[in-house]
Amino acid sequence: MPTSDLRALEPKALWNCFADLNAVPRPSKREERVVGFVLGFAARHGLAAQLDSAGNVIVKKPASVDRQDRPAVIMQAHLDMVHKAGDGVTFDFDKQGIEMWVDGDWVRARGTTLGADNGLGVAAILAVLAAQDLSHPPIEALFTLDEEQGMGGALGLQPGLLTGKTMLNLDSEEDDTFTIGCAGGIDTVGTFQYTEVAHDSASPVVALHVSGLRGGHSGLQIHEGRANSIKLMARLLSTCGEDVVALSTMRGGSARNAIPAQCVAQVVILDEARFEESFEREAAGIREEFSLIEPGLSITTTPVSASVQTMSAVQQKSLVLAMQAVVNGVYRMSPVVPGLVEASSNFSTIELGSGKAEWSSLQRSSVESSKVDVARAFRAPFELMGANVRSGDPYPGWSPSATSPILDKMKKIYRELFGHEVQVGACHAGLECGVISIAYPDLDMISFGPNIHEAHSEKESASISSAQKFWKLLTATLGEL
């Protein structure tokens, strides 16, 4: 479906803004073009806009005539998106806009992430800023940077520029749930220098491929038991052993906050008979284990016509065992909130070759002490092998408030609009609310949004009917504030 047809979807104001936004590349840490887009949008609509010291964009719109006496409300979303393409998809995220199409009730992208996370939130704010017929209080629109790569914009948010005491965060992904708390996070990265070894040119070289996994959001989907391609590759290499295969290169994962869906490693085969037996045995076991949850899982080998250098056997053994031992997935369930993951870890990316290995991971927890503990658990096997491992600056979680006026008001609005009660809870994902409260500690905050499936993967999709529900709730709320 061409973008011109996408613009015919209701509500047109929302989908037109989303289409315009998705034509602009907006990777984390390189948001200059989308910042320019928002500043230009504000100028065209005669609205005051400024950048804070961290580069976040703040746009202010006066109240509608009927809400002149009301206090300002902050509407917040992040400008960056996860850029990920599917296996075999060639796409230049630095130059191309997202190619969208409609599949029944769902908007999807052709082979890449859709950017509905958090593009639909951004588009909703832009649509409110442009609207001439909405009832609303003074609007302070806050567009943050670098959310997907460490909350950089929120962490650097400049105090004193916003006056509102109520904040609507539009970065949730279930339309029947209000989120009032979330996990904090910490990135743990490592590097390892190793000695390269030459091999007889007669030894065959093959590429081992683990692909076709579902991937997905490393917080929201971590409890589903989805396979991690890097961990599966470690299993295969460990089963074969360093006397059967010699590791030359490895590349897996695409983003710090996504479950890695593919991993490829080049190896020199030192014992062909043992390799065929051990590799196929382990691959068969993995396929059986994940047959229900990972129907697209593919584990294959392809010959490589090249002479390569590899890790020394001792260093390969240390690294592979550490990769297999390192904590990944759910670390602890919450004893307070039934069904909520308290702490988790995701082995996100790895790049190995030319004498150096580098990897990244993200640990999350709604409890500060367990966040530190799970990060320490991830570091431990790599520190034992002598790697250089460090945890970066953590970002805080968001503790639910027992008394929230915006929650009480929106629960009532939701019930009146849709005829049933909304769910209220916390999520095991990083929202910027807790970080923003560092600069603005007195905010009354709530997070909500439309149904978005498979965020951070090339299967990401957004529900059209849910976006309509989201827009109805948002505009009704603004009319009551």
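Two strands are taken to pair if DSSP finds at least two bridges between them; strands (E, at least two residues) and helices (H or I, at least four) are DSSP runs numbered from the N terminus. The model is predicted, and local features need pLDDT of at least 70, side-chain atom pairs count only at pLDDT 80 or more, and totals for chains, interfaces and linings use all residues. Residues are numbered from 1 along each chain as its sequence is written, and side-chain values use heavy atoms, with hydrogens and water left out.

**Sheet**

Strands β4, β5, β23 and β22, in that order, make up an open sheet of four strands with antiparallel pairing. Its edge strands, β4 and β22, each pair on one side only. Strands of a sheet pair through backbone hydrogen bonds, either parallel or antiparallel. Between β4 (residues 100-103) and β5 (residues 106-109), which run antiparallel, there are four bridges, and D103 has W106 in β5 as its bridge partner. These two strands form a hairpin with two residues between them, and G104 in the turn has a positive phi of about 65°.

On to the next pairing, β5 and β23 (residues 461-463) are antiparallel and share three bridges. Here V107 is the bridge partner of A462 in β23. Two bridges connect β22 with β23, again in the antiparallel sense, and I452 stands opposite A462.

**Pockets**

Grid points are joined across faces, edges and corners, and a volume is the space filled by probe spheres set on the points. In the class counts, Ala, Val, Leu, Ile, Met, Phe, Trp, Tyr, Cys and Pro are nonpolar, Asp, Glu, Lys and Arg are charged, and the others, Gly among them, are polar.

| Largest | about 780 Å³ | 14 nonpolar, 16 polar, 11 charged residues |

The largest pocket is lined by 41 residues, and E174, L220, A426, C427 and H428 are the closest to its centre. Strands β8 (177-182), β18 (356-365), β20 (423-427) and β22 (452-453) each supply at least two residues of this lining; the largest share, five residues, comes from β20.

The second largest pocket has 25 lining residues, with H83, G253, S254, A255 and T349 nearest its centre. Two or more residues come from each of β9 (184-193), β12 (245-252) and β17 (341-353), and β17 gives the most, with three residues.

**Aromatic contacts**

Rings of Phe, Tyr and Trp (its six-membered ring) pair if their centres lie within 6.5 Å; planes under 30 degrees apart count as stacked, over 60 as edge-to-face and the rest as tilted. The count by this rule is 11 aromatic pairs. One of them is F347 with F378, whose ring centres are 5.5 Å apart and whose planes meet at 85°, so the pair is edge-to-face. It links distant parts of the chain, since F347 lies in β17 and F378 in helix α9 (residues 368-384), 31 residues apart. Both F347 and F378 are buried, a term for under 20% relative accessible area, with exposed over 50% and partly exposed in between (1.4 Å probe, protein chains only).

F178, Y414, F418, F448 and F470 form one aromatic cluster.

Methods: 1 Å grid on protein atoms, 1.4 Å probe; cavity = no way out; pocket = protein on both sides within 12 Å on 5 of 7 lines; lining within 4 Å.
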